[in-house]
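Colleague: Before I rely on the labels in this model, I would like to know what stands behind them. Can we take them one by one?

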Amino acid sequence: METVAFSSVPTKVGDVLAAVTKDGVAVTQFHDGPEVRARISERLRMAVVEDPDRTSPVREELAAYFAGELREFGVALDWRLMSSIQRRVLGTLFTTVPYGHVVTYGELADRSGTGVPARGIGSIMGSNPIPIIVPCHRVVAGNGLGGFSGGEGVESKRWLLTLEGYLQPTLDWDL
């Protein structure tokens, strides 16, 4: 039976959880806990194992990202929870929108070449199983930030874009 290992990194936007299969990071979440881990292992249909060797690379990269020291993730990704269309759109996002930059939903629709309209791109961003690493927070509306389903919603998106230097920090923010 295939297995999944978990690791969590405390951050300003929550305890970011990573689920790692033998193929790579399959899921990241803005919250950690026994129920979250159980839902993920059930969704993956995998038994849970403790495997620090498997999880330490993503833990280190997430910690470095949240410390402002990492601009590009290098960990392997496991895309199995995505349909082929989701994989194409999110893969395009992953490879073409670097740290500190954004793209609109419409621009990503065009770049992906999938024929998915901008509104559909928003749905795909909302279903992204690997947020932060596959940076759906870098996709914005043509007239503002747009939505965000991770963490505390748009405030988490705003915080991540501020960390990356795309947005200016407000006086009450501590990065």
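Modeller: Start with T11, whose side chain reaches the backbone oxygen of G14 at 2.6 Å. This is a predicted model, in which local features need pLDDT of at least 70, side-chain atom pairs count only at pLDDT 80 or more, and totals for chains, interfaces and linings use all residues. Residues are numbered from 1 along each chain as its sequence is written, and side-chain values use heavy atoms, with hydrogens and water left out.

Colleague: What makes a pair of atoms a polar contact?

Modeller: The two must be N or O atoms within 3.5 Å; within protein, one must be able to donate a hydrogen and the other to accept it, and residues adjacent in sequence count only if both atoms are side-chain atoms. The T11 side chain also reaches the backbone nitrogen of V13, at 3.1 Å.

Colleague: Where is T11, and is it buried or exposed?

Modeller: T11 is in strand β1 (residues 3-11). Helices (H or I, at least four residues) and strands (E, at least two) are DSSP runs, numbered from the N terminus. Buried means under 20% relative accessible area, exposed over 50%, and partly exposed in between, with a 1.4 Å probe and protein chains only. T11 has 17%, so T11 is buried. Leaving out residues up to four places away in sequence, T11 touches V16 and F66, where a contact means heavy atoms within 4.5 Å.

Colleague: Why is the pair of Y65 and F73 called tilted?

Modeller: Rings of Phe, Tyr and Trp (its six-membered ring) pair if their centres lie within 6.5 Å; planes under 30 degrees apart count as stacked, over 60 as edge-to-face and the rest as tilted. There are 6 aromatic pairs by this rule. For Y65 and F73 the centres are 5.4 Å apart and the planes at 40°, so this pair is tilted. Y65 is buried at 1%, and F73 is buried at 10%.

Colleague: What makes W79 and F94 edge-to-face?

Modeller: Their planes are at 80°, with 6.1 Å centre to centre. W79 lies in the loop between α2 (52-66) and α3 (84-96) and F94 in helix α3, so the pair ties together parts 15 residues apart in sequence. At 17%, W79 is buried, while F94, at 28%, counts as partly exposed.

Colleague: Which residue lies over the face of W79?

Modeller: R87 does, at 3.9 Å from the ring centre. A charge sits over a ring if NZ of Lys or CZ of Arg is within 6 Å of the ring centre and within 35 degrees of the ring normal.

Colleague: How do you know that the buried residues of α5 line one face?

Modeller: In α5 (residues 118-126), the buried residues are I121, I124 and M125. Seen down the axis, they fall within an arc of 100°, so they line one face of the helix; the arc is that of the directions from the helix axis to the C-beta atoms. R119 and S123 are exposed on the other side of α5. The buried residues of α5 pack against α3, α4 (105-112) and β6 (139-140).

Colleague: Which residues of α4 are buried?

Modeller: Y105, L108, A109 and S112 are. Their arc is only 105°, which puts them on the same side of α4.

Colleague: What makes a set of residues a nonpolar core?

Modeller: The members are buried Ala, Val, Leu, Ile, Met, Phe, Trp, Tyr and Cys residues, joined through side-chain atoms within 4.5 Å. The largest core has 42 residues, and L62, Y65, F66, L93, M125, I132 and I133 have the most contacts inside it. α2 gives the most to this core, with 5 residues. Apart from it lies another core of 11 residues, including V4 and V36.

Colleague: What is the phi of I132, and where does that residue sit?

Modeller: Phi of I132 is near 80°, a positive value in a residue other than glycine. Most residues other than glycine have a negative phi. I132 is in the loop between α5 and β6 and is buried at 2%. R45 also has a positive phi, near 60°, but at 73% R45 counts as exposed.
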